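Colleague: Could you take me through this structure step by step? I would like to know how each value was worked out as we go.

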Amino acid sequence: MAQGVWANIRLAIFDVDGVLTDGRLLFDAEGRESKVFHVRDGHGLKMLQKAGIEIAFITARYSPALAYRAQDLGVSRVYQGSLDKRLAYRELKLELGLEDAVIAYMGDDLIDLPILTSAGLATCPSDAHPEVLARVHWCAQAPGGGGAVREFCENLLKAQGHWDRLLDAYLSVEGRG
């Protein structure tokens, strides 16, 4: 995948279960759902925001845990209960006035294929379904919920020339704390 495609991305959209999480669903005795999110994935998303890249989540399920995590990360574009993810994708494109070419999507399963085959940059975690792996432009080395999102974020930041500036902020005395 040419760096040029990465350099043009203005919106990064992520599936949740199997991408931001490892795909397992945890329920307690009362049926309350829990999800485990990787802190480094979250930090990668925050770095994208600092670089001015829009972020959105689209998921077929509804989860209060995701709503909380999105709020914690400052992600306001969250589409839950999207059984046809194309509808949310189209809504995002219209709302932001974007074309497919400047949109990246990370998904892991068959339900993600309609967006993966439309987005300018189709990506997935290493443990995605084989049909997804066969159709993406780029696949992370890390699995879903285990750093795939962070890997994507760092690649995008480097391709757009933001990485060194962000890294310098962490290395400077002013950036610590």
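Colleague: How far apart are the mean positions of the positive and negative charges of the protein chain?

Modeller: The mean positions of the 19 positive and 24 negative charges are 3 Å apart. Here Lys and Arg count as positive and Asp and Glu as negative, while His and the chain ends are not counted. Each charge is placed at NZ of Lys, CZ of Arg, CG of Asp or CD of Glu.

Colleague: And what should I keep in mind about the model itself?

Modeller: This is a predicted model, in which local features need pLDDT of at least 70 and side-chain atom pairs count only at pLDDT 80 or more, whereas totals for chains, interfaces and linings use all residues. Residues are numbered from 1 along each chain as its sequence is written, and side-chain values use heavy atoms, with hydrogens and water left out.

Colleague: OK, overall fold then. How many helices and strands does the protein chain have?

Modeller: The protein chain has eight helices and eight strands, where helices (H or I, at least four residues) and strands (E, at least two) are DSSP runs numbered from the N terminus.

Colleague: What radius of gyration does the chain have, and what would a compact globule have?

Modeller: The protein chain has 16 Å, which agrees with the value near 16 Å that a compact globule of 177 residues would have. The radius is taken over C-alpha atoms, and the globule rule is 2.2 Å times the number of residues to the power 0.38. Along its principal axes, the C-alpha trace spans about 50 × 35 × 30 Å.

Colleague: What share of the residues counts as buried?

Modeller: Of the 177 residues, 45% count as buried, a word that means under 20% relative accessible area, with exposed meaning over 50% and partly exposed in between (1.4 Å probe, protein chains only).

Colleague: Now the aromatics. How many aromatic pairs are there?

Modeller: The count comes to four aromatic pairs. Rings of Phe, Tyr and Trp (its six-membered ring) pair if their centres lie within 6.5 Å, and planes under 30 degrees apart count as stacked, over 60 as edge-to-face and the rest as tilted. One of the pairs is W6 with W138, whose ring centres are 5.3 Å apart and whose planes are at 90 degrees, so this pair is edge-to-face. The pair links distant parts of the chain, with W6 in helix 1 (residues 3-7) and W138 in strand 8 (residues 138-139), 132 residues apart.

Colleague: Are those two buried or exposed?

Modeller: Both W6 and W138 are buried. W6 also forms an aromatic pair with F152, this time tilted, at 5.5 Å centre to centre and with 40 degrees between the planes. Because W6 lies in helix 1 and F152 in helix 7 (residues 148-159), that pair ties together parts 146 residues apart in sequence. F152 is buried too, with a relative accessible area of 1%.

Colleague: Which residues form one aromatic cluster?

Modeller: The cluster is formed by W6, F14, W138 and F152. F14 is found in strand 1 (residues 11-14) and is buried, with a relative accessible area of 0%.

Colleague: What is F14 in contact with?

Modeller: Leaving aside neighbours within four places in sequence, F14 is in contact with residues including L45, I55, F57, Y105, V149 and F152, where contact means heavy atoms within 4.5 Å.

Colleague: Switching topic: where is R77 found?

Modeller: R77 is found in strand 5 (residues 77-79), and at 19% relative accessibility R77 counts as buried. With neighbours within four places in sequence left aside, R77 is in contact with E54, I55, A56, F57, L92, E95 and L96. R77 and E91 are 14 residues apart in sequence and 11 Å apart in space, C-alpha to C-alpha.

Colleague: Last one, is S34 buried, partly exposed or exposed?

Modeller: S34, which lies in strand 3 (residues 33-34), counts as partly exposed at 38% relative accessibility. The C-alpha atoms of S34 and G161, 127 residues apart along the chain, are separated by 36 Å.
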